[in-house]
Number of protein chains: 2
Amino acid sequence: MHITTVSRLLFLWMVLGLCLAGKAQPPRGPFIVSPQVLPDKKVTFRYLAPAAKEVKLAGGLFGASNAPMTKDSIGIWSVTVGPVVPDVYSYNFVVDGISVMDPANEDFFPNERFKSSLFEVPGFTPTIHALRDVPHGSVNYEYYPSVEGTTGTVVVYTPPGYDQNPGKRYPVFYLISGTTDTEETFFKAGRTNFILDNLIAEGKAKPMIVVMPYGNMEARIAEQTGNPKPADPVRDSPDAMVRMRRFEQDLIQNVIPYVDKTYRTLADKDNRAIGGFSRGGGQTLRTAFWNPDTFSWICAYSANLPTSELEGTYASIISNPEKTNKQWKMLWVGVGTEDFMYKDVATFLNYLSVKKINYKSMITGGGHTWINVKTYLMETAQLLFK
Amino acid sequence: MHITTVSRLLFLWMVLGLCLAGKAQPPRGPFIVSPQVLPDKKVTFRYLAPAAKEVKLAGGLFGASNAPMTKDSIGIWSVTVGPVVPDVYSYNFVVDGISVMDPANEDFFPNERFKSSLFEVPGFTPTIHALRDVPHGSVNYEYYPSVEGTTGTVVVYTPPGYDQNPGKRYPVFYLISGTTDTEETFFKAGRTNFILDNLIAEGKAKPMIVVMPYGNMEARIAEQTGNPKPADPVRDSPDAMVRMRRFEQDLIQNVIPYVDKTYRTLADKDNRAIGGFSRGGGQTLRTAFWNPDTFSWICAYSANLPTSELEGTYASIISNPEKTNKQWKMLWVGVGTEDFMYKDVATFLNYLSVKKINYKSMITGGGHTWINVKTYLMETAQLLFK
């Protein structure tokens, strides 16, 4: 549909809405279409704010760093940007300096702190993270007994055919998101289910269960005991390490037993993987290194362990590469060259090389983004359990 | 924790954040705790906006109709309201006239159009919709082949013990949310899973599967074919009726067969219920009346059928009360006296009375709100399949 046609329809809809507002029905504002991906992969964004003085579009990853929007006669601000590389992006409107989500778009980035809308620019041929016409797994929100008497929440992907094959058991990938993310982020922003559905349909990944836990035990405890949520600690600080331990305790003592009891898992080391992004990558590496007999597959997305910690806490693992290299089927690390953690990750990989600890790595462009997380997930999902 | 203590901690956290901003880690703003429910059920809301001229709290259902907030020296605006009756509420901040969600709160109201945060004031003893320490069911996001070649999304609650009792089959309640809601709204805002968990634990409801479909086929088709979403039609208009038919087609031809294939259902009329709120209530009544042999239990929350439609399309149902009253186990209608649909619902019930069609009704105070929806869900869930 042509943009001017959309504008005219919007106007008519608004007039109709005003005329019918007396019909014992709450009046609604004009109907806004936003965002709208055009055939050439340009994208139009619209926001209704007749009284605003200035509206901008914020979405640095698709080239809209505070792109100015212009107002039409109805009060709808709009801007068309791109062409945009097909992917999933987050964005906000900045309305007189205030960041808001797009009211016309129900897709959002699940997060404890920031509020952003999500949109997808589909490929000319479908991307690997697109909803395709293939058999689909399901995504299950589960509740389990967690630390300190709280009830934990965890999101679990079961692969296509899980319900139809009651005799079949599956390997399990524990997948942890980053600071301020929630247990929903790898589902809603990371498209974990669609990525697995598509890779499985193409025969590129083994059917597996993916378990996405919440990484912030302290927030959960505070919420359920009526206390204010504590702030996030500084990375690798003593407080951060206490919290890493509490996460590990929950995963090992609560989440894994719950999943093994509730789902038809292959409940042994070689069929158990762990991976995560950012803080979740730190939780991944530590949980795996603290429990070297629990996971055979370890995936760190934009994450590392500091050298001092490797030489201290994990000396027995580092000093015995022959044993370590037999113990784990895969230690995988991915990072982008523009990631603020790139330098630390490079130091980590160089250290592993010197110590002759086997690993696989993937260095991409880009930064600390969910675009890269999806790339790393796509790569590792094809390697696991093979 | 006392409020001034929280303020001091916030300030220290911010200073710490600024000091450490150089440590190759993205700087974060001060850590805001919001909302915070106090022991006396008053609630404090906080929003960081050093440059804003005016910030208000909008939450009419808990008595905050644009309650003014005041700014402290850091730029954190706050207000304490209440005591607030224990329940789940939506709210927004209005920042220099612009409505925004609470950045410090990850809970939100799933909706196509408005963006609101959600918070809960817990009871002194837990409410029936609270997360309690009882056996929990799980909530599953499923994908199924839907109308016009699209892939449908549906959210399915399975009761506690579903996975542990592989020989057991369950009755099914199809539950549809309202205009601009999504398939997530009955889960996230309606607390359907916690309500069922608690009622089942108390022996007040039969264990059942609850299926929560998306009610807007036209938006789904538009999204998946790359077209702009169409506006919502006026209630009971010809366009609305065309859309009701498409919803019914999807539910009868696609959703129910998918659910019966995927879950261990009792797949007969007497073990199948349908219910819904607002537009979902209209979809409920029409789908049930168009398919009188498909559902034995019908629940309309704040919804009705117009007299002209009853006398026209459903003449055979209305004119034969003896047959109709045997055909259905329950026709249940609930509405609040302040609901904008109250008058239409009252007309509907009076008409049913005159025509000697059996029904149960529940008239409450309050309006067209999810507080009332939860009340109606609690009431009907205890009646179904008995």
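A salt bridge is a side-chain nitrogen of Lys or Arg within 4 Å of a carboxyl oxygen of Asp or Glu, and four of them are counted between chain B and chain A. The structure above is a predicted model, where local features need pLDDT of at least 70, side-chain atom pairs count only at pLDDT 80 or more, and totals for chains, interfaces and linings use all residues. Residues are numbered from 1 along each chain as its sequence is written, chains are lettered from A in the order in which they are written, and side-chain values use heavy atoms, leaving out hydrogens and water.

**Where the two chains meet**

- Chain B brings 67 residues to the contact and chain A brings 66, with contact meaning heavy atoms within 4.5 Å.
- The size of an interface is often given as the accessible area lost when the parts come together.
- Here, chain B and chain A bury about 5,400 Å² between them, with 57% of it on carbon and sulfur atoms; buried area is the accessible area (1.4 Å probe) that two parts lose on being put together, summed over both.
- On the chain B side, the residues losing the most area to chain A are Glu106(B), Arg113(B) and Tyr143(B), together 13% of what that side buries.
- The side of chain B that touches chain A has 32 nonpolar, 18 polar and 17 charged residues. In this scheme Ala, Val, Leu, Ile, Met, Phe, Trp, Tyr, Cys and Pro count as nonpolar, Asp, Glu, Lys and Arg as charged, and the others, Gly among them, as polar.

**Two helices packed in chain B**

- Helices (H or I, at least four residues) and strands (E, at least two) are DSSP runs, numbered from the N terminus.
- The axes of α3 (residues 192-201) and α11 (residues 370-381) of chain B come within 10 Å and cross at roughly 35°. Axes are lines fitted to C-alpha atoms, for helices over the stretch in contact, and angles run from 0 to 180 degrees between N-to-C directions.
- Thr192(B), Ile195(B), Leu196(B) and Leu199(B) of α3(B) meet Lys374(B), Leu377(B), Met378(B) and Ala381(B) of α11(B).
- Those contact residues divide into six nonpolar, one polar and one charged.

**Backbone details to find**

- In chain A, the peptide bond from Gly82(A) to Pro83(A) is cis, with omega near 10°, and Pro83(A) lies in the loop between β6 (76-81) and β7 (88-95).
- In chain B, the bond from Gly82(B) to Pro83(B) is cis, with omega near 10°.
- Asn66(A) is not a glycine, although its phi is positive at about 55°; look for Asn66(A) in strand β4 (residues 64-68) of chain A.
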